[in-house]
Amino acid sequence: MKLKVPGRAQGLHDLNIESFDQLLAAFKAGPDDLGAFVGSGPRLTDDRPLVEYFLSLPRGDDVDLTPLKGDVRRYVIPE
């Protein structure tokens, strides 16, 4: 099981994830879900880095993330 790989196991433990079911439950959304949530515009990706202006974003405002509960099974290959 991949959760028993030492480096991964410690990282997941640090996030209070001790089982594969907990890992699946922590999933929020994939690329398509996030794109629909934030709308159109340029996307910051590893292969297309852009300058981030995160300090200009509103602070202290709670953003409703409930629409971001996607189905992780599209991205996970069962063992």
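V38 belongs to helix 3, which covers residues 31-38; helices here are DSSP runs of H or I with at least four residues, strands are runs of E with at least two, and both are numbered from the N terminus. V38 is exposed, with a relative accessible area of 59%. In these terms, exposed means over 50% relative accessible area, buried means under 20%, and partly exposed lies in between, with a 1.4 Å probe and protein chains only.

Together with F37, V63 and L65, V38 makes a nonpolar surface patch of about 370 Å². Patches are made of residues with over 30% relative accessible area and no salt bridge; like charges are joined within 9 Å, and nonpolar side chains (Val, Leu, Ile, Met, Phe, Trp, Tyr) within 5 Å. A salt bridge is a side-chain nitrogen of Lys or Arg within 4 Å of a carboxyl oxygen of Asp or Glu.

## Basis of the model

This is a predicted model, in which local features need pLDDT of at least 70 and side-chain atom pairs count only at pLDDT 80 or more, while totals for chains, interfaces and linings use all residues. Residues are numbered from 1 along each chain as its sequence is written, and side-chain values use heavy atoms, with hydrogens and water left out.

## The chain as a whole

The protein chain has three helices and zero strands, giving the pattern α-α-α along the sequence. Of its 79 residues, 13% are buried. The chain exposes about 7100 Å², of which carbon and sulfur atoms supply 58%; accessible areas come from the Shrake-Rupley method with a 1.4 Å probe, and for residues only the protein chains shown count as cover.

Contact means heavy atoms within 4.5 Å. Among contacts between residues at least 6 apart in sequence, 64% join residues at least 24 apart.

## The loop at N16

N16 lies in the loop between helix 1 (6-14) and helix 2 (20-26). Although N16 is not a glycine, this residue has a positive phi of about 60 degrees. N16 is also exposed, at a relative accessible area of 63%.

K69 is found in the segment after helix 3 and is partly exposed, with a relative accessible area of 48%. Apart from neighbours within four places in sequence, K69 is in contact with L24, A25, F27 and K28. K69 and A25 are 44 residues apart in sequence, and their C-alpha atoms are 9.3 Å apart in space.

G70 is also placed in the segment after helix 3. Not counting residues up to four places away in sequence, G70 touches F27, K28, A29 and D33. G70 and D33 are 37 residues apart along the chain, with 6.7 Å between their C-alpha atoms.
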